[in-house]
Amino acid sequence: MIEIKNLSKTFRTAGGTVEALKNISLTVNDGDIYGIIGMSGAGKSTLVRCINMLERPTEGAVLMDGQDLGALTQKELRGVRRDVTMIFQGFNLLMQKTCLRNICFPLELAGVKKAEAKKRAMELLEIVGLPDKAESYPAQLSGGQQQRIAIARALATQPKVLLCDEATSALDPKTTHDILELLKDINERLGITIIIITHQMSVVEEICNRVAILDGGVVAEEGEVSAVFADPQSDAAKRLVFPDGEEEVVPVHPGERVLRVVFNGAMAAGAPLITQMAIDEKIAANILYASTKCLGDKVYGNMLLGLPEEEETVQRAVKYLTEVGNVLVTEVTGNA
Amino acid sequence: MLDKMFTSEAISEALLILKEEMPFALWETTYVTVLATAFAIILGLPLGILLVAGEKDGVLPLPKGVMHVLNVVINLLRSIPFLILMILVFPLTRLIVGTSVGTTASIVPLVIAAFPFVARLVESSLRELNPNIIEMAQSMGASPMQIIVKVMLPESIPSLISNFTIAITTILGYTAMSGIIGGGGLGKIAINYGYYRYKYLVMLIAVIILIILVQLFQSIGTKLAVKLDRRVKH
(Lines give C-alpha, C1' and ligand atoms only; values in the text may rest on other atoms or scores of the structure.)
Protein backbone atom coordinates (compact mmCIF):
# COMPACT_ATOMS: atom_id res chain seq x y z
CA MET A 1 0.00 0.00 0.00
CA ILE A 2 1.24 3.43 -0.90
CA GLU A 3 0.02 6.40 1.08
CA ILE A 4 0.75 9.91 -0.07
CA LYS A 5 0.14 12.27 2.80
CA ASN A 6 -0.24 16.05 2.49
CA LEU A 7 2.47 16.14 -0.14
CA SER A 8 3.59 19.47 -1.55
CA LYS A 9 6.40 20.24 -3.94
CA THR A 10 7.70 23.67 -4.82
CA PHE A 11 10.43 24.44 -7.32
CA ARG A 12 12.68 27.44 -7.10
CA THR A 13 13.24 28.87 -10.54
CA ALA A 14 14.78 32.07 -11.78
CA GLY A 15 11.30 33.55 -12.04
CA GLY A 16 10.35 32.75 -8.44
CA THR A 17 8.91 29.69 -6.76
CA VAL A 18 6.48 27.38 -8.54
CA GLU A 19 4.08 25.26 -6.54
CA ALA A 20 3.89 22.09 -8.61
CA LEU A 21 1.93 20.06 -6.08
CA LYS A 22 -0.26 21.31 -3.26
CA ASN A 23 -1.26 19.18 -0.31
CA ILE A 24 -1.83 15.92 -2.17
CA SER A 25 -3.22 12.96 -0.23
CA LEU A 26 -3.88 9.66 -1.98
CA THR A 27 -3.93 6.00 -1.08
CA VAL A 28 -3.05 3.30 -3.56
CA ASN A 29 -3.99 -0.20 -2.42
CA ASP A 30 -2.10 -3.36 -3.31
CA GLY A 31 -3.27 -4.75 -6.63
CA ASP A 32 -4.74 -1.46 -7.84
CA ILE A 33 -4.26 -0.10 -11.31
CA TYR A 34 -4.35 3.49 -10.23
CA GLY A 35 -4.64 6.23 -12.80
CA ILE A 36 -3.38 9.74 -12.19
CA ILE A 37 -4.71 11.91 -14.95
CA GLY A 38 -4.37 15.57 -15.74
CA MET A 39 -3.58 18.06 -18.45
CA SER A 40 0.01 19.05 -19.25
CA GLY A 41 1.49 20.96 -16.35
CA ALA A 42 -0.94 19.57 -13.80
CA GLY A 43 1.96 18.10 -11.83
CA LYS A 44 1.50 14.42 -12.70
CA SER A 45 5.12 13.72 -13.58
CA THR A 46 6.34 15.48 -10.45
CA LEU A 47 3.91 13.45 -8.35
CA VAL A 48 5.05 10.12 -9.76
CA ARG A 49 8.69 11.10 -9.20
CA CYS A 50 7.86 11.90 -5.59
CA ILE A 51 6.61 8.35 -5.14
CA ASN A 52 10.08 6.90 -5.76
CA MET A 53 11.85 10.00 -4.39
CA LEU A 54 13.46 10.98 -7.68
CA GLU A 55 11.99 14.29 -6.54
CA ARG A 56 12.07 15.02 -2.84
CA PRO A 57 8.73 16.35 -1.61
CA THR A 58 8.99 19.82 -0.08
CA GLU A 59 6.38 18.86 2.50
CA GLY A 60 4.43 15.76 3.39
CA ALA A 61 5.31 12.11 3.19
CA VAL A 62 5.14 9.04 1.01
CA LEU A 63 4.60 5.83 2.96
CA MET A 64 5.16 2.45 1.40
CA ASP A 65 3.70 -0.31 3.54
CA GLY A 66 3.98 2.13 6.42
CA GLN A 67 7.63 3.01 5.76
CA ASP A 68 8.38 6.70 5.28
CA LEU A 69 10.48 6.87 2.09
CA GLY A 70 11.56 10.44 2.80
CA ALA A 71 13.37 9.28 5.95
CA LEU A 72 15.54 6.73 4.15
CA THR A 73 19.20 7.20 3.30
CA GLN A 74 20.26 7.25 -0.36
CA LYS A 75 21.47 3.68 -0.01
CA GLU A 76 18.24 2.41 1.54
CA LEU A 77 16.32 4.27 -1.13
CA ARG A 78 18.21 2.42 -3.86
CA GLY A 79 16.92 -0.80 -2.33
CA VAL A 80 13.34 0.51 -2.34
CA ARG A 81 13.72 1.42 -6.01
CA ARG A 82 14.06 -2.26 -6.82
CA ASP A 83 10.55 -2.67 -5.42
CA VAL A 84 9.11 0.41 -7.15
CA THR A 85 10.25 0.42 -10.76
CA MET A 86 9.33 2.72 -13.56
CA ILE A 87 8.63 2.89 -17.29
CA PHE A 88 8.73 6.07 -19.32
CA GLN A 89 7.21 7.86 -22.29
CA GLY A 90 10.53 7.78 -24.14
CA PHE A 91 11.23 4.12 -23.14
CA ASN A 92 14.75 5.15 -22.01
CA LEU A 93 16.47 1.98 -23.08
CA LEU A 94 20.24 1.77 -23.19
CA MET A 95 20.80 2.17 -26.91
CA GLN A 96 24.27 0.61 -26.96
CA LYS A 97 23.15 -2.60 -25.28
CA THR A 98 21.13 -5.54 -26.55
CA CYS A 99 17.58 -6.06 -25.31
CA LEU A 100 18.78 -8.92 -23.15
CA ARG A 101 21.42 -6.75 -21.50
CA ASN A 102 18.89 -3.97 -21.04
CA ILE A 103 16.65 -6.33 -19.10
CA CYS A 104 19.64 -7.60 -17.12
CA PHE A 105 20.61 -4.01 -16.25
CA PRO A 106 18.66 -3.61 -12.97
CA LEU A 107 19.77 -7.10 -11.93
CA GLU A 108 23.37 -6.20 -12.69
CA LEU A 109 22.93 -3.10 -10.49
CA ALA A 110 21.59 -5.30 -7.71
CA GLY A 111 24.59 -7.61 -7.99
CA VAL A 112 22.74 -10.66 -9.34
CA LYS A 113 25.02 -13.24 -11.00
CA LYS A 114 25.24 -13.00 -14.79
CA ALA A 115 23.89 -16.46 -15.59
CA GLU A 116 20.99 -16.03 -13.21
CA ALA A 117 20.19 -12.57 -14.58
CA LYS A 118 20.21 -13.91 -18.11
CA LYS A 119 17.84 -16.71 -17.21
CA ARG A 120 15.42 -14.26 -15.60
CA ALA A 121 15.70 -11.91 -18.60
CA MET A 122 14.79 -14.70 -21.00
CA GLU A 123 11.69 -15.49 -18.92
CA LEU A 124 10.72 -11.83 -19.00
CA LEU A 125 11.18 -11.65 -22.78
CA GLU A 126 8.70 -14.50 -22.92
CA ILE A 127 6.23 -12.64 -20.68
CA VAL A 128 6.33 -9.49 -22.82
CA GLY A 129 6.03 -11.55 -26.00
CA LEU A 130 9.43 -10.86 -27.57
CA PRO A 131 11.44 -14.02 -26.97
CA ASP A 132 13.29 -13.67 -30.29
CA LYS A 133 14.60 -10.15 -29.63
CA ALA A 134 17.21 -11.02 -27.00
CA GLU A 135 20.18 -10.13 -29.19
CA SER A 136 18.54 -7.21 -31.02
CA TYR A 137 19.44 -3.63 -30.23
CA PRO A 138 16.66 -1.17 -29.27
CA ALA A 139 17.15 0.84 -32.46
CA GLN A 140 16.08 -2.22 -34.45
CA LEU A 141 12.72 -2.36 -32.64
CA SER A 142 9.45 -0.46 -33.08
CA GLY A 143 8.18 1.87 -30.35
CA GLY A 144 5.75 -0.70 -29.00
CA GLN A 145 8.46 -3.36 -28.90
CA GLN A 146 10.83 -0.98 -27.14
CA GLN A 147 8.22 -0.30 -24.49
CA ARG A 148 7.77 -4.04 -24.01
CA ILE A 149 11.50 -4.37 -23.41
CA ALA A 150 11.29 -1.46 -20.94
CA ILE A 151 8.44 -3.25 -19.16
CA ALA A 152 10.47 -6.46 -19.00
CA ARG A 153 13.36 -4.46 -17.56
CA ALA A 154 11.09 -2.86 -14.98
CA LEU A 155 9.85 -6.30 -13.92
CA ALA A 156 13.33 -7.81 -13.61
CA THR A 157 13.76 -7.08 -9.91
CA GLN A 158 10.29 -8.47 -9.13
CA PRO A 159 8.87 -5.16 -7.96
CA LYS A 160 5.71 -4.64 -5.96
CA VAL A 161 4.81 -1.44 -7.74
CA LEU A 162 5.23 -0.35 -11.35
CA LEU A 163 5.11 3.37 -12.11
CA CYS A 164 4.16 4.27 -15.67
CA ASP A 165 4.99 7.83 -16.68
CA GLU A 166 3.01 8.55 -19.86
CA ALA A 167 4.10 5.11 -20.98
CA THR A 168 1.75 4.99 -23.97
CA SER A 169 1.81 8.64 -25.03
CA ALA A 170 4.37 8.07 -27.77
CA LEU A 171 2.50 5.10 -29.22
CA ASP A 172 -0.30 4.73 -31.76
CA PRO A 173 -3.79 3.65 -30.57
CA LYS A 174 -3.41 0.01 -31.51
CA THR A 175 0.00 -0.32 -29.85
CA THR A 176 -1.28 1.64 -26.83
CA HIS A 177 -4.05 -0.89 -26.49
CA ASP A 178 -1.62 -3.82 -26.72
CA ILE A 179 0.67 -2.31 -24.09
CA LEU A 180 -2.27 -1.64 -21.78
CA GLU A 181 -3.41 -5.25 -22.20
CA LEU A 182 0.09 -6.35 -21.23
CA LEU A 183 0.04 -4.13 -18.14
CA LYS A 184 -3.36 -5.48 -17.15
CA ASP A 185 -2.07 -9.00 -17.59
CA ILE A 186 0.97 -8.24 -15.44
CA ASN A 187 -1.26 -6.74 -12.77
CA GLU A 188 -3.49 -9.81 -12.73
CA ARG A 189 -0.90 -12.55 -13.13
CA LEU A 190 1.96 -11.16 -11.05
CA GLY A 191 -0.14 -9.10 -8.63
CA ILE A 192 1.91 -5.96 -9.23
CA THR A 193 0.33 -2.66 -8.26
CA ILE A 194 0.42 -0.27 -11.19
CA ILE A 195 0.31 3.51 -11.06
CA ILE A 196 -0.35 5.11 -14.42
CA ILE A 197 0.31 8.73 -15.20
CA THR A 198 -1.48 9.87 -18.31
CA HIS A 199 -3.26 12.71 -20.01
CA GLN A 200 -5.46 10.30 -21.98
CA MET A 201 -8.82 9.48 -20.46
CA SER A 202 -9.00 6.43 -22.73
CA VAL A 203 -6.06 4.89 -20.89
CA VAL A 204 -7.78 5.29 -17.52
CA GLU A 205 -11.03 4.01 -19.00
CA GLU A 206 -9.37 0.95 -20.39
CA ILE A 207 -7.43 -0.46 -17.47
CA CYS A 208 -7.62 1.56 -14.24
CA ASN A 209 -9.85 0.69 -11.34
CA ARG A 210 -9.23 3.92 -9.45
CA VAL A 211 -8.38 7.37 -10.68
CA ALA A 212 -7.21 10.68 -9.28
CA ILE A 213 -7.71 13.77 -11.35
CA LEU A 214 -4.94 16.28 -10.95
CA ASP A 215 -5.59 19.89 -11.81
CA GLY A 216 -3.23 22.76 -11.13
CA GLY A 217 -1.26 20.74 -8.58
CA VAL A 218 -4.24 19.63 -6.51
CA VAL A 219 -6.41 16.52 -6.56
CA ALA A 220 -9.67 17.68 -8.07
CA GLU A 221 -11.41 14.35 -7.76
CA GLU A 222 -10.56 10.82 -6.71
CA GLY A 223 -12.40 7.52 -6.68
CA GLU A 224 -13.53 4.43 -8.56
CA VAL A 225 -13.14 4.93 -12.30
CA SER A 226 -16.73 3.90 -12.97
CA ALA A 227 -18.04 6.34 -10.40
CA VAL A 228 -15.97 9.24 -11.68
CA PHE A 229 -17.02 8.42 -15.21
CA ALA A 230 -20.65 8.03 -14.43
CA ASP A 231 -20.93 11.17 -12.44
CA PRO A 232 -17.97 13.53 -12.63
CA GLN A 233 -18.18 16.16 -9.93
CA SER A 234 -15.33 18.56 -10.51
CA ASP A 235 -14.85 20.81 -13.51
CA ALA A 236 -11.54 19.13 -14.25
CA ALA A 237 -13.18 15.70 -14.28
CA LYS A 238 -15.99 16.95 -16.51
CA ARG A 239 -13.46 18.40 -18.91
CA LEU A 240 -11.70 15.05 -19.13
CA VAL A 241 -14.83 12.90 -19.41
CA PHE A 242 -16.36 15.28 -21.94
CA PRO A 243 -13.36 16.76 -23.70
CA ASP A 244 -15.48 18.53 -26.28
CA GLY A 245 -17.90 19.89 -23.71
CA GLU A 246 -20.56 17.79 -25.39
CA GLU A 247 -22.45 17.35 -22.20
CA GLU A 248 -23.64 20.91 -22.26
CA VAL A 249 -25.70 20.30 -25.39
CA VAL A 250 -27.31 17.08 -24.22
CA PRO A 251 -31.04 17.76 -24.35
CA VAL A 252 -32.94 16.36 -21.46
CA HIS A 253 -36.62 16.23 -22.24
CA PRO A 254 -39.09 16.66 -19.47
CA GLY A 255 -40.00 13.32 -17.97
CA GLU A 256 -37.09 11.55 -19.62
CA ARG A 257 -34.68 9.55 -17.51
CA VAL A 258 -31.06 9.38 -18.47
CA LEU A 259 -28.67 6.46 -18.15
CA ARG A 260 -24.95 6.67 -18.58
CA VAL A 261 -23.58 3.53 -20.16
CA VAL A 262 -19.83 3.14 -19.75
CA PHE A 263 -18.29 0.56 -22.05
CA ASN A 264 -15.17 -0.81 -20.48
CA GLY A 265 -14.03 -3.33 -23.03
CA ALA A 266 -17.45 -4.80 -23.73
CA MET A 267 -17.64 -7.48 -26.41
CA ALA A 268 -20.22 -5.51 -28.32
CA ALA A 269 -18.47 -4.23 -31.40
CA GLY A 270 -20.22 -6.66 -33.69
CA ALA A 271 -23.67 -6.28 -32.17
CA PRO A 272 -26.15 -3.42 -32.54
CA LEU A 273 -26.71 -3.27 -28.79
CA ILE A 274 -29.23 -0.46 -28.56
CA THR A 275 -31.26 -1.73 -31.51
CA GLN A 276 -31.14 -5.24 -30.08
CA MET A 277 -32.47 -3.87 -26.80
CA ALA A 278 -35.33 -2.25 -28.69
CA ILE A 279 -36.17 -5.57 -30.33
CA ASP A 280 -35.67 -7.84 -27.32
CA GLU A 281 -37.06 -5.62 -24.60
CA LYS A 282 -39.15 -3.24 -26.66
CA ILE A 283 -37.43 -0.25 -25.08
CA ALA A 284 -36.96 2.71 -27.34
CA ALA A 285 -33.83 4.41 -26.11
CA ASN A 286 -32.87 7.84 -27.28
CA ILE A 287 -29.10 8.21 -27.78
CA LEU A 288 -28.35 11.64 -26.32
CA TYR A 289 -24.62 11.46 -26.47
CA ALA A 290 -22.12 8.85 -27.48
CA SER A 291 -18.39 8.70 -27.58
CA THR A 292 -17.22 5.18 -28.11
CA LYS A 293 -14.48 3.49 -29.96
CA CYS A 294 -13.67 -0.05 -30.90
CA LEU A 295 -10.34 -1.63 -30.13
CA GLY A 296 -10.25 -5.08 -31.63
CA ASP A 297 -13.68 -6.51 -30.95
CA LYS A 298 -14.13 -4.56 -27.74
CA VAL A 299 -15.86 -1.27 -27.15
CA TYR A 300 -14.64 1.55 -24.92
CA GLY A 301 -16.25 4.87 -24.14
CA ASN A 302 -19.55 6.05 -22.88
CA MET A 303 -23.05 6.86 -23.97
CA LEU A 304 -26.01 8.76 -22.57
CA LEU A 305 -29.38 7.13 -23.20
CA GLY A 306 -32.72 8.84 -22.76
CA LEU A 307 -35.43 6.46 -21.54
CA PRO A 308 -39.13 6.74 -20.83
CA GLU A 309 -39.81 7.61 -17.23
CA GLU A 310 -41.41 4.36 -16.00
CA GLU A 311 -39.30 2.78 -13.28
CA GLU A 312 -39.91 -0.73 -14.62
CA THR A 313 -38.59 0.15 -18.09
CA VAL A 314 -35.47 1.74 -16.63
CA GLN A 315 -34.82 -1.32 -14.48
CA ARG A 316 -35.17 -3.64 -17.47
CA ALA A 317 -32.84 -1.51 -19.54
CA VAL A 318 -30.22 -1.46 -16.77
CA LYS A 319 -30.47 -5.23 -16.41
CA TYR A 320 -30.28 -5.82 -20.16
CA LEU A 321 -27.25 -3.62 -20.68
CA THR A 322 -25.40 -4.86 -17.61
CA GLU A 323 -25.72 -8.45 -18.79
CA VAL A 324 -23.53 -7.69 -21.80
CA GLY A 325 -20.52 -7.69 -19.47
CA ASN A 326 -17.89 -4.99 -18.97
CA VAL A 327 -20.63 -2.41 -19.21
CA LEU A 328 -21.38 -0.07 -16.36
CA VAL A 329 -24.80 1.47 -16.16
CA THR A 330 -25.74 4.28 -13.83
CA GLU A 331 -28.60 6.67 -13.79
CA VAL A 332 -27.76 10.29 -14.20
CA THR A 333 -29.79 12.50 -11.94
CA GLY A 334 -30.23 16.24 -12.09
CA ASN A 335 -28.91 17.89 -15.20
CA ALA A 336 -26.20 15.63 -16.40
CA MET B 1 62.67 27.90 -54.13
CA LEU B 2 60.67 25.62 -56.40
CA ASP B 3 63.33 25.46 -59.10
CA LYS B 4 65.88 24.24 -56.58
CA MET B 5 63.47 21.77 -55.07
CA PHE B 6 63.20 19.33 -57.94
CA THR B 7 66.74 19.19 -59.34
CA SER B 8 68.04 15.63 -59.80
CA GLU B 9 70.56 16.33 -57.10
CA ALA B 10 67.90 17.36 -54.61
CA ILE B 11 65.75 14.38 -55.48
CA SER B 12 68.50 11.81 -55.03
CA GLU B 13 69.52 13.46 -51.78
CA ALA B 14 65.94 13.43 -50.55
CA LEU B 15 65.55 9.78 -51.48
CA LEU B 16 68.63 8.94 -49.48
CA ILE B 17 67.37 10.74 -46.39
CA LEU B 18 63.99 9.16 -46.92
CA LYS B 19 65.53 5.71 -46.97
CA GLU B 20 67.91 6.27 -44.08
CA GLU B 21 65.87 8.31 -41.65
CA MET B 22 62.17 8.21 -42.54
CA PRO B 23 61.31 4.74 -41.19
CA PHE B 24 62.68 5.56 -37.78
CA ALA B 25 61.14 9.04 -37.80
CA LEU B 26 57.79 7.53 -38.69
CA TRP B 27 58.13 5.09 -35.81
CA GLU B 28 59.09 7.87 -33.41
CA THR B 29 56.14 10.00 -34.43
CA THR B 30 53.69 7.13 -34.10
CA TYR B 31 55.09 6.05 -30.74
CA VAL B 32 55.08 9.55 -29.28
CA THR B 33 51.57 10.26 -30.61
CA VAL B 34 50.05 7.03 -29.34
CA LEU B 35 51.71 7.20 -25.93
CA ALA B 36 50.91 10.88 -25.43
CA THR B 37 47.28 10.26 -26.42
CA ALA B 38 47.03 7.29 -24.08
CA PHE B 39 48.35 9.30 -21.12
CA ALA B 40 46.18 12.29 -22.05
CA ILE B 41 43.12 10.01 -21.99
CA ILE B 42 44.15 8.43 -18.68
CA LEU B 43 44.27 11.91 -17.13
CA GLY B 44 41.57 13.61 -19.19
CA LEU B 45 38.83 10.98 -19.02
CA PRO B 46 38.30 11.10 -15.23
CA LEU B 47 38.49 14.90 -15.30
CA GLY B 48 35.92 15.07 -18.10
CA ILE B 49 33.64 12.76 -16.11
CA LEU B 50 34.04 14.99 -13.04
CA LEU B 51 33.18 18.08 -15.10
CA VAL B 52 29.78 16.55 -15.92
CA ALA B 53 29.04 14.37 -12.88
CA GLY B 54 30.26 16.96 -10.38
CA GLU B 55 27.83 19.65 -11.41
CA LYS B 56 25.04 20.82 -9.14
CA ASP B 57 22.49 18.64 -10.95
CA GLY B 58 25.00 15.91 -11.82
CA VAL B 59 25.02 12.38 -10.48
CA LEU B 60 27.89 13.07 -8.08
CA PRO B 61 27.64 16.74 -7.09
CA LEU B 62 30.96 18.20 -5.89
CA PRO B 63 31.51 21.38 -3.86
CA LYS B 64 31.19 24.48 -6.01
CA GLY B 65 34.77 25.52 -5.15
CA VAL B 66 36.22 22.25 -6.43
CA MET B 67 34.37 22.59 -9.72
CA HIS B 68 35.51 26.17 -10.05
CA VAL B 69 39.18 25.29 -9.51
CA LEU B 70 38.90 22.39 -11.93
CA ASN B 71 37.48 24.61 -14.65
CA VAL B 72 40.03 27.36 -14.13
CA VAL B 73 42.99 24.94 -14.22
CA ILE B 74 41.74 23.31 -17.40
CA ASN B 75 41.17 26.65 -19.10
CA LEU B 76 44.54 27.91 -17.95
CA LEU B 77 46.43 24.92 -19.34
CA ARG B 78 44.49 25.14 -22.56
CA SER B 79 45.34 28.80 -23.09
CA ILE B 80 49.14 28.46 -22.90
CA PRO B 81 50.64 28.19 -26.41
CA PHE B 82 52.27 24.79 -26.88
CA LEU B 83 55.64 26.20 -27.80
CA ILE B 84 55.82 28.04 -24.47
CA LEU B 85 54.33 25.17 -22.52
CA MET B 86 57.11 22.90 -23.77
CA ILE B 87 59.67 25.17 -22.20
CA LEU B 88 57.64 25.82 -19.03
CA VAL B 89 57.39 22.13 -18.19
CA PHE B 90 61.13 21.46 -18.53
CA PRO B 91 61.57 20.96 -14.75
CA LEU B 92 58.64 18.54 -14.62
CA THR B 93 59.96 16.67 -17.66
CA ARG B 94 63.38 16.37 -16.06
CA LEU B 95 61.74 15.04 -12.90
CA ILE B 96 59.75 12.38 -14.74
CA VAL B 97 61.99 11.36 -17.63
CA GLY B 98 65.39 12.42 -16.28
CA THR B 99 66.09 14.76 -19.18
CA SER B 100 64.23 17.61 -20.80
CA VAL B 101 65.31 16.98 -24.36
CA GLY B 102 64.77 14.11 -26.75
CA THR B 103 61.91 12.07 -28.11
CA THR B 104 60.66 10.47 -24.90
CA ALA B 105 60.99 13.79 -23.06
CA SER B 106 58.66 15.40 -25.59
CA ILE B 107 55.84 13.15 -24.40
CA VAL B 108 55.54 15.09 -21.11
CA PRO B 109 54.65 18.51 -22.59
CA LEU B 110 52.38 16.77 -25.11
CA VAL B 111 50.44 15.10 -22.32
CA ILE B 112 50.25 18.32 -20.29
CA ALA B 113 48.94 20.18 -23.34
CA ALA B 114 46.52 17.45 -24.39
CA PHE B 115 44.86 16.19 -21.22
CA PRO B 116 42.83 19.37 -20.53
CA PHE B 117 41.73 19.26 -24.17
CA VAL B 118 40.72 15.60 -23.78
CA ALA B 119 38.84 16.50 -20.57
CA ARG B 120 36.77 19.03 -22.51
CA LEU B 121 36.15 16.54 -25.32
CA VAL B 122 34.96 13.92 -22.81
CA GLU B 123 32.77 16.56 -21.18
CA SER B 124 31.08 17.35 -24.49
CA SER B 125 30.59 13.64 -25.26
CA LEU B 126 28.93 12.98 -21.92
CA ARG B 127 26.70 16.04 -22.24
CA GLU B 128 25.21 14.62 -25.43
CA LEU B 129 23.68 11.80 -23.40
CA ASN B 130 19.90 11.93 -22.98
CA PRO B 131 19.31 12.97 -19.33
CA ASN B 132 16.25 10.70 -19.20
CA ILE B 133 18.58 7.70 -19.44
CA ILE B 134 20.32 8.81 -16.26
CA GLU B 135 16.96 9.31 -14.56
CA MET B 136 16.02 5.78 -15.63
CA ALA B 137 19.17 4.40 -14.01
CA GLN B 138 18.43 6.35 -10.81
CA SER B 139 14.88 5.02 -10.80
CA MET B 140 16.32 1.49 -10.91
CA GLY B 141 18.46 2.13 -7.86
CA ALA B 142 21.83 2.76 -9.54
CA SER B 143 24.54 4.38 -7.42
CA PRO B 144 26.46 7.39 -8.81
CA MET B 145 29.45 5.17 -9.65
CA GLN B 146 27.21 2.62 -11.37
CA ILE B 147 25.61 5.39 -13.42
CA ILE B 148 29.03 6.62 -14.55
CA VAL B 149 30.51 3.19 -15.29
CA LYS B 150 27.47 1.30 -16.55
CA VAL B 151 25.45 4.05 -18.22
CA MET B 152 27.26 7.29 -19.03
CA LEU B 153 30.46 5.80 -20.45
CA PRO B 154 29.08 2.81 -22.39
CA GLU B 155 26.26 4.89 -23.88
CA SER B 156 28.77 7.55 -25.01
CA ILE B 157 31.26 5.18 -26.62
CA PRO B 158 30.73 6.20 -30.27
CA SER B 159 30.98 9.87 -29.38
CA LEU B 160 34.03 9.28 -27.16
CA ILE B 161 35.80 7.43 -29.98
CA SER B 162 35.08 10.27 -32.40
CA ASN B 163 36.45 12.77 -29.91
CA PHE B 164 39.52 10.68 -29.09
CA THR B 165 40.20 10.60 -32.81
CA ILE B 166 40.18 14.39 -32.84
CA ALA B 167 42.59 14.27 -29.89
CA ILE B 168 45.04 11.87 -31.55
CA THR B 169 45.18 13.88 -34.79
CA THR B 170 45.71 17.12 -32.85
CA ILE B 171 48.48 15.53 -30.79
CA LEU B 172 50.08 14.24 -33.99
CA GLY B 173 50.26 17.84 -35.18
CA TYR B 174 51.84 18.89 -31.89
CA THR B 175 54.52 16.18 -32.10
CA ALA B 176 55.86 17.93 -35.17
CA MET B 177 56.42 21.05 -33.05
CA SER B 178 58.32 19.11 -30.42
CA GLY B 179 61.13 18.73 -32.98
CA ILE B 180 62.23 22.12 -31.67
CA ILE B 181 63.11 20.73 -28.22
CA GLY B 182 64.85 17.74 -29.70
CA GLY B 183 61.82 15.51 -29.99
CA GLY B 184 62.35 13.05 -32.81
CA GLY B 185 60.07 12.10 -35.61
CA LEU B 186 58.76 13.60 -38.80
CA GLY B 187 58.70 17.08 -37.29
CA LYS B 188 62.38 16.92 -36.56
CA ILE B 189 63.19 15.87 -40.11
CA ALA B 190 61.01 18.63 -41.55
CA ILE B 191 62.66 21.27 -39.38
CA ASN B 192 66.27 20.04 -39.49
CA TYR B 193 66.48 19.39 -43.20
CA GLY B 194 63.81 21.63 -44.58
CA TYR B 195 64.09 24.70 -42.41
CA TYR B 196 67.67 24.75 -41.18
CA ARG B 197 69.31 23.25 -44.28
CA TYR B 198 66.96 24.43 -47.02
CA LYS B 199 66.15 20.94 -48.24
CA TYR B 200 62.54 21.81 -49.07
CA LEU B 201 61.78 18.55 -50.82
CA VAL B 202 62.53 16.63 -47.61
CA MET B 203 60.27 18.99 -45.70
CA LEU B 204 57.53 18.49 -48.27
CA ILE B 205 57.77 14.72 -48.06
CA ALA B 206 57.72 14.81 -44.25
CA VAL B 207 54.61 16.98 -44.34
CA ILE B 208 52.92 14.67 -46.85
CA ILE B 209 53.61 11.68 -44.60
CA LEU B 210 52.09 13.63 -41.67
CA ILE B 211 48.99 14.31 -43.76
CA ILE B 212 48.67 10.64 -44.65
CA LEU B 213 49.02 9.71 -40.96
CA VAL B 214 46.26 12.14 -39.99
CA GLN B 215 44.01 10.72 -42.71
CA LEU B 216 44.74 7.23 -41.51
CA PHE B 217 44.01 7.89 -37.85
CA GLN B 218 40.88 9.83 -38.75
CA SER B 219 39.41 7.18 -41.01
CA ILE B 220 40.16 4.37 -38.55
CA GLY B 221 38.53 6.42 -35.76
CA THR B 222 35.46 7.27 -37.79
CA LYS B 223 35.01 3.68 -38.97
CA LEU B 224 35.31 2.39 -35.42
CA ALA B 225 32.85 4.95 -34.05
CA VAL B 226 30.25 4.07 -36.66
CA LYS B 227 30.82 0.35 -36.35
CA LEU B 228 30.37 0.40 -32.58
CA ASP B 229 27.30 2.64 -32.61
CA ARG B 230 24.29 0.41 -32.01
CA ARG B 231 21.86 3.21 -32.77
CA VAL B 232 22.81 2.76 -36.42
CA LYS B 233 21.04 -0.06 -38.17
CA HIS B 234 23.80 -2.04 -39.81
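# Getting to know chains A and B

Student: Is L259(A) buried or exposed?
Tutor: The cut-offs come first: buried means under 20% relative accessible area, exposed over 50%, and partly exposed in between, using a 1.4 Å probe and protein chains only. L259(A) comes out at 2% relative accessibility, so it counts as buried.

Student: What kind of model is this?
Tutor: Residues are numbered from 1 along each chain as its sequence is written, chains are lettered from A and ligands numbered from 1 in the order written, and side-chain values use heavy atoms, leaving out hydrogens and water. Local features need pLDDT of at least 70 and side-chain atom pairs count only at pLDDT 80 or more, while totals for chains, interfaces and linings use all residues, since this is a predicted model.

Student: Which strand holds L259(A)?
Tutor: Strands (E, at least two residues) and helices (H or I, at least four) are DSSP runs numbered from the N terminus. L259(A) touches, among others, M303(A), V314(A) and V332(A), leaving aside residues up to four places away in sequence; touching, or contact, means heavy atoms within 4.5 Å. The run that holds L259(A) covers residues 257–266 of chain A and is called β11.

Student: Which strands stand at the edges of the six-stranded sheet in chain A?
Tutor: This open, mixed sheet has the order β6-β7-β8-β3-β9-β10. Two strands pair if DSSP finds at least two bridges between them. An edge strand has a single partner, so one side of it is left without a neighbour in the sheet, and that applies to β6 and β10.

Student: Do β3(A) and β8(A) run parallel or antiparallel?
Tutor: Look at G35(A), which stands opposite I196(A) in β8(A). Five bridges join β3(A), residues 33–37, to β8(A), residues 193–198, and the sense is parallel.

Student: How many residues lie between β1(A) and β2(A) in their hairpin?
Tutor: These strands, residues 2–13 and 16–28, run antiparallel over nine bridges. Along the way L7(A) stands opposite I24(A). In the hairpin, the number of residues between β1(A) and β2(A) is two.

Student: Where is T98(A) in the chain?
Tutor: T98(A) has 8% relative accessibility, so it's buried. Not counting residues up to four places away in sequence, it touches A134(A), E135(A), S136(A) and Y137(A). Its place is the loop between β6 and α3 of chain A.

Student: What about chain B, how many helices does it have?
Tutor: Its C-alpha atoms fill a box of roughly 75 × 50 × 25 Å along the principal axes. Of its 234 residues, 48% count as buried. It has zero strands, and its helices number eleven.

Student: Which residues of helix α7(B) are buried?
Tutor: This helix covers residues 131–139 of chain B. What covers its buried residues includes α1, β6, α3 and α5 of chain A together with α8 of chain B. The buried ones are I133(B), I134(B), E135(B), M136(B), A137(B) and S139(B).

Student: How far apart are the axes of α2(B) and α11(B)?
Tutor: Axes are lines fitted to C-alpha atoms, for helices over the stretch in contact, and angles run from 0 to 180 degrees between N-to-C directions. Helix α2(B), residues 8–53, packs with α11(B), residues 200–228, at about 35°. The contact includes L18(B) and L26(B) of α2(B) as well as I205(B) and F217(B) of α11(B). The distance between the two axes is 10 Å.
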